[in-house]
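Subject: Structure handover

Hello,

Here is the structure I said I would pass on. My notes on it follow below.

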Amino acid sequence: MKILIFVNTKLNLSNKSASGGIEILNIELANYLKKKKLSVVLTNKIDKNIVETFWDVIISSNDAKIFNKTESKRKILWLHNKLQIEKSFRKKQFFSIIKNDINTVFVSDYLDKITSKLYFFKKRLVIPNFLPRVFTENIIIKKRKPIFVWSVQRGKGLNDTIEMWIKNINTIHPDAKFYIMGIDKLPNKLKTKYLKSKNIFHLGRVSKNRLRNIYIKSTAMICLGYDETFCLNAIEANSCGLPVISFGKTALNELVKNSYNGFIVKDFIDLSKKITYLLKSNNKKKVQLINNCIKYSKKFSLNNIFYIWLKLLK
């Protein structure tokens, strides 16, 4: 069986540390299939050899245009992001989808529900994302530091979260720290020096290894969930024993089980109350949360999700 895994990206697919979430998921899937003795090519370039080969299966992340340039028995569109009708026309994907018999794999029920039925996919399947290997073997620390993290790449709600932290957390809990990762620049030209005086630290983009090392010593993740089609960050945090505090919007509504592996809050005032609750909680409650998070994350283990992929391909 010849399998082509295509990722429309400019990032380096041979270097995990230089890759983003979608790239890492494709790298991990390709490596797993190779270990199962399947012939797999992972690429972000469509060259002459790719075009002239007849493939048994092509898996393409977010990009249906490749199906016009290649030949295969089966075509699988691995949809990680929203694909509105207007966007699909603008990105020249709509007719590529319509004229090819495409099986589509959505990363969440939420993404499946918001994707138009006008695409007429041959088959619609939901296979959740999986934990990258770096998050499968953690040293779990039971005694946590008063650190709260933000690691999503989108900044919506970050201004309000920072304002809430300064007014409601830093004044009462001056030892608590707020780490902001995943975002290169802070919104509204906030001064780094001023933020540090409030125990808010902007770390920018960090490697998965550093992210894991921060997670395992922190108290909770703040992930509001305004625009998440899955939120890999949330299950990565859970795997490190880190509960997720969220508004429960979009796909976070599927991932966060209130008071089990995280907390659903209704607004920023409620968010500050939940942070305070965690800071004041005794160690027994925190350990229970840590254990719940780790237990929940195991459903997204490599072997569990890859088994579903293997069944689909065979």
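Please keep in mind that the model is predicted. Is Asp112 buried or exposed? Its relative accessible area is 18%, and since buried means under 20%, Asp112 counts as buried. Leaving aside residues up to four places away in sequence, Asp112 touches Phe106, Lys117, Arg124 and Val126.

Next, the chain as a whole. Its secondary structure comes to 14 helices and 12 strands. Along the principal axes, the C-alpha atoms fill a box of roughly 65 × 40 × 30 Å. The radius of gyration is 21 Å, which agrees with the value near 20 Å that a compact globule of 314 residues would have. Of the 314 residues, 54% count as buried. Taking contacts between residues at least 6 apart in sequence, 64% join residues at least 24 apart.

The rest of my notes concern helix packing. Two packed helices are described by the angle between their axes and by the distance between those axes. I looked at two pairs, and helix H10 takes part in both.

The pair H9 and H10

Helix H9 covers residues 208-215, and H10 covers residues 232-239. H9 and H10 pack at an angle of about 55°, with their axes 9 Å apart. That angle makes H9 oblique to H10. The crossing of H9 and H10 is right-handed. On the H9 side the contact is made by Lys208, Leu211 and Tyr215, which meet Leu232, Asn233, Glu236 and Ala237 in H10. By class, the residues of this contact are 4 nonpolar, 1 polar and 2 charged.

The pair H10 and H13

Helix H13 runs over residues 283-297. Its axis and that of H10 are 7 Å apart, and the packing angle is about 125°. H10 and H13 are therefore oblique to each other. The crossing of H10 and H13 is left-handed. Which residues meet here? From H10 they are Ile235, Asn238 and Ser239, and from H13 they are Cys293, Ile294, Tyr296 and Ser297. The contact of H10 with H13 has 4 nonpolar and 3 polar residues, and no charged ones.

To set the two pairs side by side: H10 crosses H9 in the right-handed sense, while the crossing of H10 with H13 is left-handed. The contact with H9 includes 2 charged residues, whereas the contact with H13 has none.

Regards

Definitions and conventions: Residues numbered from 1 in each chain as written. Predicted model: local features only at pLDDT ≥ 70, side-chain atom pairs only at ≥ 80, totals over all residues. Heavy atoms only, no water. Axes fitted to C-alpha atoms, helices over the stretch in contact; angles between N-to-C directions. Helix = DSSP H or I, 4+ residues; strand = E, 2+ residues; numbered from the N terminus. Parallel < 35°, antiparallel > 145°, perpendicular 65-115°, else oblique. Left-handed = near helix turned anticlockwise from the far one by under 90°. Contact = heavy atoms within 4.5 Å. Nonpolar A, V, L, I, M, F, W, Y, C, P; charged D, E, K, R; others polar. Rg over C-alpha atoms; globule rule 2.2 N^0.38 Å. Buried < 20%, exposed > 50% of the residue type's maximum accessible area, 1.4 Å probe, protein only.
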